[in-house]
Amino acid sequence: MFNFDYYNPTRIIFGSHRIKDLDAQIPANARVLVTYGGGSAKKHGTMDEVIQALGSRKYIEFGGIEPNPHYDTLMKAVEIVKTEQIDYLIAVGGGSVIDGTKFIAAAVYFEGDAWQAWIGSTPIKKALPVGCVLTLPATGSEMNGTSVISNTALNAKLSNKNPLLFPQFAILDPRKSYTLPPHQTANGVVDAFIHVVEQYLTYPVYGKVQDRYAEGLMLTLIEEGPKALVEPENYDVRAAIMWSATQALNGLIGVGVPQDWSSHRMGYYFTIYHGLDHAQTLAIILPAVLEIQKESKRLKLLQYAERVWGLTDGSEEQRINHAISLTRTFFEDMGIPTYLRAYGIPESSIDEAIIYLEKFNLLPLGEHKDIGVIEVRKILSLSY
Ligand code: NZQ
Ligand code: ZN
């Protein structure tokens with residue numbers, strides 16, 4: 001196992017009817033900006049619950065944060081924070097609202113060009129405190145220090161990771177996910193599953209705890225994901241999915257082990273240029289990554305085949321192929337097509353994706369940094 005530091009300061013407030021408990025997490029004299037997305041949090045009463053919990057604190061609402069949150073929209077919130085002397089941010093929504101709110105929290109203190117600062121020209125030194133109320137279990141943003149922002153003017157979608165971006169608290173009420181449309185439920189389950197895969201399907205380093213933990217999360221998502229589509233208001237099912245998704249990317253299973261993330265990096269192009277949901281891009285690309293990386297991932301693929309899919313018969317090659325095919329079937333059964341052509345995307349996108357990856361210096365990818373232009377082309381051609 002590799003050396004590691006593990007730090008996670010986010011308080012989790014989990015369970016039914018917990019939104020009222022945010023009162024105890026925020027200073028009584030806080031001036032709060034409550035952020036939300038396109039309206040689901042208003043429509044389903046979550047915003048009302050949050051505002052009630054704020055009591056007599058001064059607050060301003062900021063809605064309209066898009067899925068794959070846009071830099072321009074978020075900069076409007078930054079102005080409001082500055083002019084209204086806001087000192088606490090509460091995000092109400094899924095990964096996009098939470099990521100967008102983390103950006104606002106940091107951008108308030110940026111000097112000069114905020115986009116340049118965000119993409120790394122100056123390190124984040126300070127950020128406002130953020131709390132969140134999660135409505136879509138998927139990204140793990142509620143308990144990590146990552147934020148992914150899209151700049152549509154530059155056709156860029158880039159992530160930032162910083163300990164200052166961890167939310168101070170996250171309220172996880174599984175009932176809040178009852179109202180998700182089926183395809184967003186599916187997106188969440190598949191995104192969380194692939195977060196685990198990115199940290200597990202690499203090569204063995206005797207990370208026994210991380211492996212067993214990761215396998216437990218994957219098995220839970222495989223078992224509970226399809227149930228949530230059939231019984232959207234089954235509390236136990238929603239709770240299992242919500243807690244799995246948070247733990248899939250709160251850093252714990254990734255400590256001391258190699259990590260891949262190539263499917264994620266390749267996927268961003270298809271969201272920004274072709275409008276695919278984040279999880280759709282992953283469901284398309286991951287099976288091809290596993291196929292192309294069969295040799296370098298061999299030992300972990302065999303472990304995955306046996307422990308996650310129960311495959312013990314046949315040759316090693318057969319077990320690996322079967323595990324990759326069951327992975328694809330899981331995504332398809334959740335209702336997410338796993339080939340680019342199913343979304344009407346032109347084959348020329350493969351070349352464009354390579355140009356995108358080169359432009360933003362994202363290559364080479366993978367745990368061995370052995371996915372360059374040739375391999376990306378192979379992977380995306382297989383994904384087509
Ligand atoms: O905008 P509203 O009206 O709220 O509707 C949203 C949105 O249209 C809807 N929704 C959310 N909760 C709902 C609901 N509809 C009904 N009932 C509810 N309870 O769902 C739609 C999608 O929401 P979004 O927040 O975009 O989805 P998700 O949570 O999947 O977040 C995706 C974003 O997170 C980034 C992705 O790249 C993408 O930008 N990621 C962030 C990561 C992180 N911070 O660690 C890691 C991930 O790999 C990912 O990259
Ligand atoms: Zn993801």
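**View 1. Y206, in the loop between α6 and α7 (208-230)**. Let's start in this predicted model with Y206, which sits in the loop linking α6 and α7 (208-230). The phi angle of Y206 is positive, about 60°, although Y206 is not a glycine. How many C-beta neighbours does Y206 have inside 10 Å? There are 10, and a residue counts as exposed with 12 or fewer, so Y206 is exposed.

**View 2. Q85, a residue other than glycine with a positive phi**. Here we look at the loop between α3 (71-83) and β4 (88-93), where Q85 is found. Its phi is near 50°. Q85 is exposed, since 8 other C-beta atoms lie within 10 Å.

**View 3. The two domains of the chain, domain 1 (11-176) and domain 2 (182-383)**. Taken over C-alpha atoms, the centres of domain 1 and domain 2 are separated by 27 Å. Where they meet, 19 residues of domain 1 are in contact with 23 residues of domain 2. On the side of domain 1 that touches domain 2, strand β7 (residues 156-161) supplies the largest share, three residues. By class, that side of domain 1 has nine nonpolar, seven polar and three charged residues.

**View 4. Ligand 1 and the 34 residues around it**. Please look for G37, G38, P67, G94 and G95, which come nearest to ligand 1. Elements giving two or more residues to the shell are α1 (40-43), α4 (95-107), β6 (146-151) and α6 (182-200). Which element gives the largest share of the shell? That is α4, with four residues. The shell divides into 23 polar, eight nonpolar and three charged residues. Why does ligand 1 lie between domain 1 (11-176) and domain 2 (182-383)? Both domains give residues to the shell, so ligand 1 is placed between them.

**View 5. T179, in the loop between β8 (169-172) and α6**. Leaving aside residues up to four places away in sequence, T179 touches S40 and H44. T179 and H44 are 135 residues apart in sequence, while their C-alpha atoms are 7.6 Å apart in space. Is T179 buried, exposed or partly exposed? T179 is partly exposed, because 18 other C-beta atoms lie within 10 Å, and the buried class calls for 20 or more.

**View 6. L165, a buried residue in a loop**. The loop in question runs between β7 and β8. L165 is buried because 22 other C-beta atoms lie within 10 Å. Not counting residues up to four places away in sequence, L165 touches K102, A106, A127, G145, T146 and S147. One of these, T146, is 19 residues from L165 in sequence and 6.7 Å away in space, C-alpha to C-alpha.

**View 7. The largest nonpolar core, with 109 residues**. The members that touch the most other members are V50, I90, V92, I104, V190, F193 and V196. Helix α10 (residues 278-292) contributes the largest share of this core, 10 residues. Domain 1 (11-176) and domain 2 (182-383) each provide at least three residues. For a closer look at F193, find M218 and L221, which F193 touches when residues up to four places away in sequence are not counted.

**View 8. Y7, in the segment before β1 (11-14)**. Y7 is exposed, given that 8 other C-beta atoms lie within 10 Å. Across from Y7 you can find N250, 243 residues apart along the chain, with the two C-alpha atoms separated by 9.7 Å.

**View 9. The cis peptide bond from L363 to P364**. Omega for this bond is near -5°. P364 is found in the loop between α13 (349-359) and α14 (373-383).

Technical notes: Residues are numbered from 1 along each chain as its sequence is written. Chains are lettered from A and ligands numbered from 1 in the order in which they are written. This is a predicted model: local features need pLDDT of at least 70, side-chain atom pairs count only at pLDDT 80 or more; totals for chains, interfaces and linings use all residues. A residue is near a molecule or strand if its C-beta atom, placed from the backbone, lies within 6 Å of it. Ala, Val, Leu, Ile, Met, Phe, Trp, Tyr, Cys and Pro count as nonpolar, Asp, Glu, Lys and Arg as charged, and the others, Gly among them, as polar. Domain bounds come from an automatic or database domain assignment. A nonpolar core is a set of buried Ala, Val, Leu, Ile, Met, Phe, Trp, Tyr and Cys residues joined through C-beta atoms within 7 Å. Two residues are in contact if their C-beta atoms, placed from the backbone, lie within 7 Å.
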